[in-house]
Every structure is written in structure tokens, then in C-alpha cells.
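Have the structure open as you read.

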Amino acid sequence: MNSKILAVAVVAVIAAAGAGAALFLMNNDDKKEDDSILTHRLLTMGNVYSDDTLDSKDVKVLEAVIAGDKEVTVAGNKIDLTDSALLRYSDVNQDGNVNDSDVETLNQIIAGNASKLFYENAKGNITSVQVPINNLVVMFRRVGTTVAMVGATDMVKGFISDMAAGGNYGFLGFTGTNVGSASEPDIEAIKSLDTEYSSTGGVTLIADATGAAANLEEKVGTGIDVVRMPVTEMGKSENGVVTLGYLLAYKNDKHDQIMNKLDQWIEWNDSAKKKIEEAVAKLKDEDKKTCLIGMWASAGGGLYTLNVRGAGVSEYEYTVYCGGKNVETGSGGSKSIAEINEYLVTYNPEYTFVMQQEVQLLKNKIPAQTTLDEVNDAFTDNYHGKIGVFSQFFGTGPGYVLSLMYYASVLVPDLADTFDITKEYKFFMKDLVGNAELAEVQAFIPIAA
């Protein structure tokens, strides 16, 4: 089975040397000049080479571990075999030992003959899932975006109410059984679905890290796998996309379809991040712009609040990643407009980024300009910085790089004309997620740097 997920480095080779060279690299894992990027995103046991797939490079690293070597060079990359994370992923069959049986298990996985895969979930626990996965019950809305993006929508047999028709994430178009809310799922309905689809492996629950339906594993009992993937955590949501895509594709009839969509996402995501990283690395500290980031929320009756993001929250970290310099916000949290206006006048950030709640775009189809008008009416005239509005949907799951592109195009002068956010958003929403209608809704307001 071809279980390749192309790393962005291979995409770069395509551009530089043509498709023939790329195919040469794909089919020759021994070549010295592979120059793969070690992404550490695929969280399945056996991924000791640490790129986005399992193949003969992982076998070579694992054999070197078993031989007692301290370092090995594979595909041009020096691998530290004393790294604790690598050793953790070396116990492929999870029997407590690392030996030749793990090499045998890894070869079986690569050949497409495994019936169970061990992986590290979003709780940091090593757990397993029966493969192939044929039937899904999606327990968290943003994980549902990944499921749709990799072309696995018709595998969905059940979902929480947020993803039902009329729900905030109803745009995903899942058909099947509504199993209640994320906080209070209908466990009996889930078990009934597992019985209904038992002839094709039962159902697998796809959930978020630890928040929604935190005790699912205990409630559904043995026999129903719960796959938990990160979707909002800075730097980890990519792990969720790559790992979930790999697990869904393994031995599945839709393998090529899922992997092709995942490859598209990887190329898109990684090429944008690379441009941002290179530009920010050249940005002098004294040239970094001050900014504030918060989510706009209606308290009813024309009253609004701004939930300010502080250090440790993803959106705050995104601005830092993109060269921003967040002004101090204390504990952050929900602030009244009076508090915010006082804050804006006191600290006068050069840019204020306002997130429009995702329901406004996804369910209500309210354009970002409407929210910007509300913000302009509420903010004091004594604030002279620039204000930008974009959908909260940008900041989570497989689309989080949209927010990086947005911030970077404003905060890094060298990137001002690099990203056409309208085009990027339409590509993600229409071509990857598959919703042409929402692709046309105004999801952000550009800000001139």
C-alpha cells in the first residue's frame, strides 16, 4: 500500500527539478539527497524518522536503535538515537521492549497488513485504534473540519448537534445520526450505531483533545475506539491533521482520496509557514508592531464585549509567531467596551485584531464588514491604531494557517503583498473543505501595513 504523505520538501523538489525527480525521490528511500523536513507531526508508533509517513527510512532508524547506535544518518538527516521522544516511538508493538519484533511490526504496517495502530493522542497517552476505520462519529466540530477536508465526509455515521443541519458547523454537510451535544452525548445512540455498523468494524469516535466529552472512553466502554486529536493548541493542531488523515486512510478503500487531499493541505500549510518563518527571522525587534487580539461578542441589547487573548492562548501565540509584539493585557479575558477603550487609549497598540465569533460566518453568514462597523461604533475615537476583523474559524484546526497569513501580511512588511487572503480562504473553504457558498462570504477585513 502506498502510504506516502509528501513532505513540503518534496514539493519544493518538484518545483526545482520537475515531477520526474520527485517521483525518483518518492520511490528511492535510500537516496542520500532526500533532504526531507523532519516535522514530528505523525504521532503513530514507528515514526522514528519523524516525517509525515512511515516507510523504509523509519525501518533504518529503528534498526540502528536496536543495534545500540547513538546516531544514524538517513536521507541526509542526522538522527539522534538517544532522544527520548524517538525511543518512545520505537516500541512499535507496545510490548515494553524495543527489538526485532518491532521492526517486523513496522514492516507489516508499511506493507498495509496491520489491524491495529498505536499512536499518541492529544492527552499525551499512547493508545490504539483498529484499522481500517470505516465509520465515524464526530464528537467535536473542529475535528469535523479535518474529516471533511480530507474527503472522509461520507464515512460519517453520526455527529454532535453542532454539526447537524442548522448547527454552527452544519455547513460540513454530514448526514447520519445526531448523538446529542459534546458535553452530554447520547451514549446509547452511539452504542446503537456501533451495533448497526458492526459488520464493517463498528464506529470510531473522533474527538478533540480533552475538552468536549472528556470522559467518552469510560462512557462508551470497551469495543469503541476514541481517537483524540489536537485542534486548537498552538503548534499541535498540525499533528492532529496529519495523524488523523493517516489513520483514516490506512487500509481504507478511500486511501488515495484521503491522502491526496492531505497532501494538498500539507503543501498549502507548509509553504505558507515557511514564507512566514523566513520573513520573521529577518525582522528586527525594534521594527515589530504592537498589537492586541480579542474576540468580539454580543451581550445582547446592543452591548458588546471583547474577550482579550493573553499569553498562552493560541491567538496570542500566533501573533508572536508572525512577528507581532502583544501589549500587556494582564490576565486577559472578557472586557467591557469601557474597559477596552480605556486600555486602547493607555497603550495605543498599532493594530487591534478582532475575531468575529465563528458562528457569525459559518451559520449566520454575517460578513466581517458588519462586525467591523460595530467595532468602529463602539471603540473610542481617541484610539488611532488600525483595526482588522477576521473570522474565529481561521484560528483553529486545519485552517489555522489562514490566521498566520493574515497576521503576517499586516505585521511583516516583506509579506504585505505575499498572501492574497481572499484567494487563500476560498481555496481552503471551497477546494479543501468543499463549501462553495461560505467561500464567497466576506470572512476578513484587510489592513494595510
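Predicted model: local features only at pLDDT ≥ 70, side-chain atom pairs only at ≥ 80, totals over all residues.

## Helix α16 and its end

Residues are numbered from 1 along each chain as its sequence is written, and side-chain values use heavy atoms, with hydrogens and water left out.

Which residues of α16 are buried? In this helix, residues 421–433, they are Ile421, Glu424, Tyr425, Phe428, Met429, Leu432 and Val433. Buried means under 20% relative accessible area, exposed over 50%, and partly exposed in between (1.4 Å probe, protein chains only). The cover over these buried residues includes α6 (141–149), α10 (255–281), α13 (358–362), α15 and α17 (436–439).

## Where α11 meets α15

Two packed helices are described by the angle between their axes and the distance between the axes. For α11 (residues 314–321) and α15 (residues 401–411), the axes come within 9 Å and cross at roughly 45°. That makes α11 oblique to α15; angles under 35 degrees count as roughly parallel, over 145 as roughly antiparallel, 65 to 115 as roughly perpendicular and the rest as oblique. Axes here are lines fitted to C-alpha atoms, for helices over the stretch in contact, and angles run from 0 to 180 degrees between N-to-C directions.

On the α11 side, the contact (heavy atoms within 4.5 Å) is made by Glu315, Tyr318, Thr319 and Tyr321. The α15 side brings Ser403, Leu404, Tyr407 and Leu411. By class, this contact has 5 nonpolar, 2 polar and 1 charged residues. Ala, Val, Leu, Ile, Met, Phe, Trp, Tyr, Cys and Pro count as nonpolar, Asp, Glu, Lys and Arg as charged, and the others, Gly among them, as polar.

How many disulfides does a search of the whole structure find? The count is 0, a disulfide being a pair of cysteine sulfur atoms within 2.5 Å. The sulfur of cysteine 291 has its closest cysteine sulfur in cysteine 322, 9.6 Å away, which is too far for a bond. Cysteine 291 is buried, with a relative accessible area of 1%, and cysteine 322 also counts as buried, at 0% relative accessibility.

## The whole protein

Zooming out, the protein has 17 helices and 15 strands. Buried residues make up 55% of its 449 residues. Among contacts between residues at least 6 apart in sequence, 64% join residues at least 24 apart.

Definitions and conventions. Helix = DSSP H or I, 4+ residues; strand = E, 2+ residues; numbered from the N terminus.
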